[in-house]
Amino acid sequence: MNSETMVPNWQSKILATCRTKLGRELMDFEREFVTSRCGLLALEAIEENVCHLSESDLEKYLQSERLIQQKP
């Protein structure tokens, strides 16, 4: 598998795991948290976090970038 297909496939896998753990569809900003990353190390770290975080911590994690951007 080349990187042109590996990155989108990996992102899709992470998003599917998020949907399953949260039991709902993701909000746009939650999807963007994952899909805005294309680096393999970043995706590896995100996947690791997604797999090990509790539901409430996963929601906070997916919102973390949005919350940082909203601070004055």
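Is Arg24 buried, exposed or partly exposed? Arg24 is partly exposed, with a relative accessible area of 25%. Here buried stands for under 20% relative accessible area, exposed for over 50%, and partly exposed for values in between (1.4 Å probe, protein chains only). The model is predicted: local features need pLDDT of at least 70, side-chain atom pairs count only at pLDDT 80 or more, and totals for chains, interfaces and linings use all residues. Residues are numbered from 1 along each chain as its sequence is written, and side-chain values use heavy atoms, with hydrogens and water left out.

Arg24 takes part in salt bridges (a side-chain nitrogen of Lys or Arg within 4 Å of a carboxyl oxygen of Asp or Glu). One joins the side chains of Arg24 and Glu30, at 2.8 Å from N to O. Glu30 is buried, with a relative accessible area of 0%. Another joins the side chains of Arg24 and Glu59, at 3.1 Å from N to O. This pair links distant parts of the chain: Arg24 sits in the loop between helix 1 and helix 2, Glu59 in helix 4, 35 residues apart. Glu59 counts as partly exposed, at 27% relative accessibility.

Helices are DSSP runs (H or I, at least four residues), as strands are (E, at least two), numbered from the N terminus. Helix 3 has 13 residues, which at 1.5 Å a residue should span 18 Å. The expected span is 1.5 Å times one less than the number of residues. The end C-alpha atoms of helix 3 are 18 Å apart, which agrees. The buried residues of helix 3 are Leu43, Ile46, Glu47 and Val50. They cover an arc of only 100° around the axis, which puts them on the same side of helix 3. The arc is that of the directions from the helix axis to the C-beta atoms. The face turned away from this buried side carries the exposed residues Leu41 and His52.

The largest nonpolar core has 15 residues. Such a core is a set of buried Ala, Val, Leu, Ile, Met, Phe, Trp, Tyr and Cys residues joined through side-chain atoms within 4.5 Å. Ile14 and Leu62 have the most contacts inside it. Helix 1 (3-22), helix 2 (28-35), helix 3 (40-52) and helix 4 (55-70) each give two or more residues to this core. Helix 1 gives the most, with six residues. Neighbours within four places in sequence aside, Leu62 is in contact with Cys18, Leu22, Leu26, Phe29, Glu30, Phe33 and Val34. Contact means heavy atoms within 4.5 Å.The count of aromatic pairs comes to one. Phe33 and Tyr61 form this pair, which is edge-to-face, at 4.9 Å centre to centre and 70° between the planes. Phe33 lies in helix 2 and Tyr61 in helix 4, so the pair ties together parts that are 28 residues apart in sequence. Rings of Phe, Tyr and Trp (its six-membered ring) pair if their centres lie within 6.5 Å; planes under 30 degrees apart count as stacked, over 60 as edge-to-face and the rest as tilted. Phe33 is buried, with a relative accessible area of 6%. Tyr61 is buried as well, at 18%.
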